[in-house]
Amino acid sequence: DMLMEGSSGYSKKDHVDFFESLGASYAFDAQGARFTCLCDDFPKLLDRLYLIVSKPTFPRESLEKIKHIMIDENQRAKDSPKSMAVRLLKNVVYKNHPFAWTYDQAIETVKLLDSAMLKALHEAFLKPANMGAAVVGDFDVDAMVDTLKKSLNAWPVGVRKTFAATKRSFDGKECIDHKMIRDQV
């Protein structure tokens, strides 16, 4: 979410106006960075995407706003039977793995975030060598390949990071009871 909040020389409003002026839909979230556009606008949008992912500014005021939203979302999720059931299932499946976390742990992690941490995480993990790209649509394939080569070849090459797989243990017969005391309306 913080990527869209500002980049070198551009504010969030500048980015929003740019995407909307081209009629492009866009998202920068936990699923990645993506946009949908007309074929003719693709090179301009790819250039802006590169700027957004490579030169974020992580404004402090925006970080505080997003932290507040994330804490509130996690607090509300603790009151949702569906959210709690999904989180409990994931914690069983991902036992002994960083994907196993509670909403309280997420809230504490969010509280600790600061711009310096985001910059360090960005520097360590958000590099072209660690990115994947997919292009889908009705376009001339050869022209799209040329456009991608021209744009992506200009991106700096980083050192590809590899991650060791952690061993997981899963007990298919495990039963979890989680009591939620809630008033019913």
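## Ground rules

Helices (H or I, at least four residues) and strands (E, at least two) are taken here as DSSP runs, numbered from the N terminus. What you see above is a predicted model, in which local features need pLDDT of at least 70, side-chain atom pairs count only at pLDDT 80 or more, and totals for chains, interfaces and linings use all residues. Residues are numbered from 1 along each chain as its sequence is written, and side-chain values use heavy atoms, with hydrogens and water left out.

## Salt bridges

Let's start with the charged pairs. The structure holds nine salt bridges, each being a side-chain nitrogen of Lys or Arg within 4 Å of a carboxyl oxygen of Asp or Glu. One of them joins Asp72 to Arg76, with the closest N and O atoms 2.9 Å apart. These two residues sit four places apart in helix α3 (residues 60-77), so about one helical turn separates them. An α-helix has 3.6 residues a turn, so residues three or four places apart point the same way. Asp72 is partly exposed at 36% relative accessibility (buried means under 20% relative accessible area, exposed over 50%, and partly exposed in between, with a 1.4 Å probe and protein chains only).

Lys78 and Asp104 make another salt bridge, their closest N and O atoms being 2.6 Å apart. This pair links distant parts of the chain: Lys78 belongs to the loop between α3 and α4 (81-93), while Asp104 is in helix α5 (residues 103-112), 26 residues apart. Lys78 is partly exposed at 23%, and Asp104 is partly exposed at 45%. Elsewhere, salt bridges with shared partners join Glu5, Lys12 and Lys65 into one network. Asp41 also bridges to Lys44, at 3.4 Å between the closest N and O atoms; Asp41 is buried at 11% relative accessibility, whereas Lys44 is partly exposed at 41%.

Helix α1 (residues 12-21) has His15, Val16, Phe18 and Phe19 buried. Seen down the axis of α1, the buried residues fall within an arc of 160 degrees, so they line one face of the helix; the arc is that of the directions from the helix axis to the C-beta atoms. Lys13, Glu20 and Ser21, on the other side of α1, are exposed.

Rings of Phe, Tyr and Trp (its six-membered ring) pair if their centres lie within 6.5 Å, and planes under 30 degrees apart count as stacked, over 60 as edge-to-face and the rest as tilted. By this rule the count comes to seven aromatic pairs. Among them, Phe18 and Phe19 are edge-to-face, at 5.7 Å centre to centre with 80 degrees between the planes. Phe19 and Phe28 have ring centres 6.2 Å apart and planes at 70 degrees, so this pair is edge-to-face. Phe19 has a relative accessible area of 0%, and Phe28 is buried at 9%. Ring pairs link Phe18, Phe19, Tyr26 and Phe28 into a cluster.

## A charge over two rings

Which rings does Arg48 lie over? Tyr10 has Arg48 over its face, at 4.1 Å from the ring centre, and Phe18 has the charged end of Arg48 over its ring, 4.1 Å from the centre. A charge sits over a ring if NZ of Lys or CZ of Arg is within 6 Å of the ring centre and within 35 degrees of the ring normal.
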